[in-house]
Amino acid sequence: MGREQLTLGLLLRLGILLTVVFVCLHVYLETARQGAPAAQASGRPTQSSQNRGQQSRTKQVSAEAEEQDRSVKRRVSYVRTLKKDRKRDEDGEVLSPQCCPPPRPRRKIPRWHIDLEPWAGENHSLEDEAKRFLDYITTPQVSCASLAGEGGAQRGTKGAWAACLDPKYSLSRRIQSKHCRVYSFGLGVDDRSLERSLTKAGCEVHCFDPSLKQPHLQQAEMWLHRLSVDWRDPNPAIVAQRQYTNTKKLATILNDFGHRQVDVLKADMESAEWKILENLLLEGVLESVGQLLLELHLHWAGFEVGGDDPSVVRYWFSLLKELERANFRLFHVHSDPAKPHLFLHKNVLNASSAYTLSWVNTQWKA
């Protein structure tokens, strides 16, 4: 009896103890479950969020370290490049490297005047200027193996007007490809042998003569136009008053005709050639010309050319030197022995009053 009571007492105590343990465990779990949302609402990070934050900060620090390493590498490579590019001058001092590319060339703009060459002599005399000028225009600068003139293309042609058909220049190739274009300006010119020769060769020839009665006329496979070249465009009011005369700058004529290039430009302008040549040089129009054939009149200064005689000849010479700087080279010279020997109304060095000169643009590419 006593042993049974003892056994029941032990079981009762064990049951009470287990019940207390279960109750405590339940209370602990409920408390932990309610405490987690509260902690999140109050902004205190839990252990798991802290772990995630530490991981993100670790990744951010590593990323910043990698970025610093890359920047250091870039800086190091840049410094090495500068060291490699540095040069030393003659004294051994290190020259600073160029930081910027060379500036692009500016677009060419028209000039207002040409640059005059130095005087031929200290005395500024007419004789010194005339000798330098005459020596220059009577000395060919390049040779031409074949000339086109009277009777077609003939080697050694001695006519006044001559174009160069040497294969080392572009005109012969342009004729073969049927893309040759010729402009001929003159005032009542009767000698058109060169134009006829180039027309037979296959060139497109345009002759300009303001004395024509019709604006445009096709004759003997050549185009004739009632138009002439000038160093300035006309005043519209004057053009309206003069119905049958029209003069324009060469740049305007090219634009009106839709022509970008001229293989041969021939001009006999009766003392207007100096101002016309000046306009062609100042506006850069000669870049579109392959060969220039020009008759120079020396018996007087020319239209709108002022100054004393030595200054006039100096101006003439400066124009021709500008032409040389534009890559034009003299290949043919002709003087008519029948012309009077007058140089600015004087007999200077027995010079003729008119010379026909032919230049080729050595850098011209169609």
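F133 is buried, and W316 is buried as well, where buried means under 20% relative accessible area, exposed means over 50%, and partly exposed covers what lies in between, with a 1.4 Å probe and protein chains only. The model in which these residues sit is a predicted one, so that local features need pLDDT of at least 70 and side-chain atom pairs count only at pLDDT 80 or more, while totals for chains, interfaces and linings use all residues. Residues are numbered from 1 along each chain as its sequence is written, and side-chain values use heavy atoms, with hydrogens and water left out.

A pair of aromatic rings is described by the distance of the centres and the angle of the planes. In the terms used here, rings of Phe, Tyr and Trp (its six-membered ring) pair if their centres lie within 6.5 Å, and planes under 30 degrees apart count as stacked, over 60 as edge-to-face and the rest as tilted. Eleven aromatic pairs are found in a search of the whole structure. One of them is formed by F133 and W316, a tilted pair with 5.6 Å from centre to centre and 45° between the planes. This pair links distant parts of the chain, 183 residues apart, with F133 in helix α3 (residues 126-137) and W316 in helix α9 (residues 309-325); helices (H or I, at least four residues) and strands (E, at least two) are DSSP runs, numbered from the N terminus. F133 and W316 also belong, together with W274 and F343, to one aromatic cluster.

The rings of F208 and F257 have centres 5.8 Å apart and planes at 65°, and therefore count as an edge-to-face pair. Because F208 lies in strand β7 (residues 204-208) and F257 in helix α7 (residues 250-257), the pair ties together parts that are 49 residues apart in sequence. F208 is buried, with a relative accessible area of 1%, whereas F257 is partly exposed, with a relative accessible area of 24%. An aromatic ring also takes part in a contact with a charge: K266 lies over the face of W161, at 4.6 Å from the ring centre, the rule being that NZ of Lys or CZ of Arg is within 6 Å of the ring centre and within 35 degrees of the ring normal.

With bonded cysteines counted along the chain, the disulfides follow the pattern 1-2, 3-4. C144 is joined to C164, with 2.1 Å from S to S, and the torsion about this S-S bond is about 105°, so the disulfide is right-handed. Since C144 lies in the loop between α3 and β3 (147-149) and C164 in strand β5 (residues 163-164), the pair ties together parts that are 20 residues apart in sequence; C144 and C164 are both buried.

The sulfur atoms of C180 and C203 are likewise 2.1 Å apart in a disulfide, and this one is right-handed because the torsion about its S-S bond is about 90°. C180, in the loop between α4 (170-176) and β6 (181-186), and C203, in the loop between α5 (193-200) and β7, are 23 residues apart. C180 is buried at a relative accessible area of 2%, and C203 is buried at 6%.

Rolling a probe the size of a water molecule over the atoms shows where empty space is left. On a 1 Å grid over the protein atoms alone, a cavity is a set of points where a 1.4 Å probe fits but cannot get out, and lining residues have an atom within 4 Å of a point; grid points are joined across faces, edges and corners, and a volume is the space filled by probe spheres set on the points. The count comes to three cavities of 30 Å³ or more, and the largest cavity has a volume of about 80 Å³. Elements that give two or more residues to the lining of the largest cavity are β12 (262-268), α8 (273-282) and β13 (289-297), and α8 gives the most, with four residues. The lining divides into eleven nonpolar residues, no polar and one charged, where Ala, Val, Leu, Ile, Met, Phe, Trp, Tyr, Cys and Pro count as nonpolar, Asp, Glu, Lys and Arg as charged, and the others, Gly among them, as polar.

How values were computed:
1 Å grid on protein atoms, 1.4 Å probe; cavity = no way out; pocket = protein on both sides within 12 Å on 5 of 7 lines; lining within 4 Å. Disulfide = S-S within 2.5 Å.
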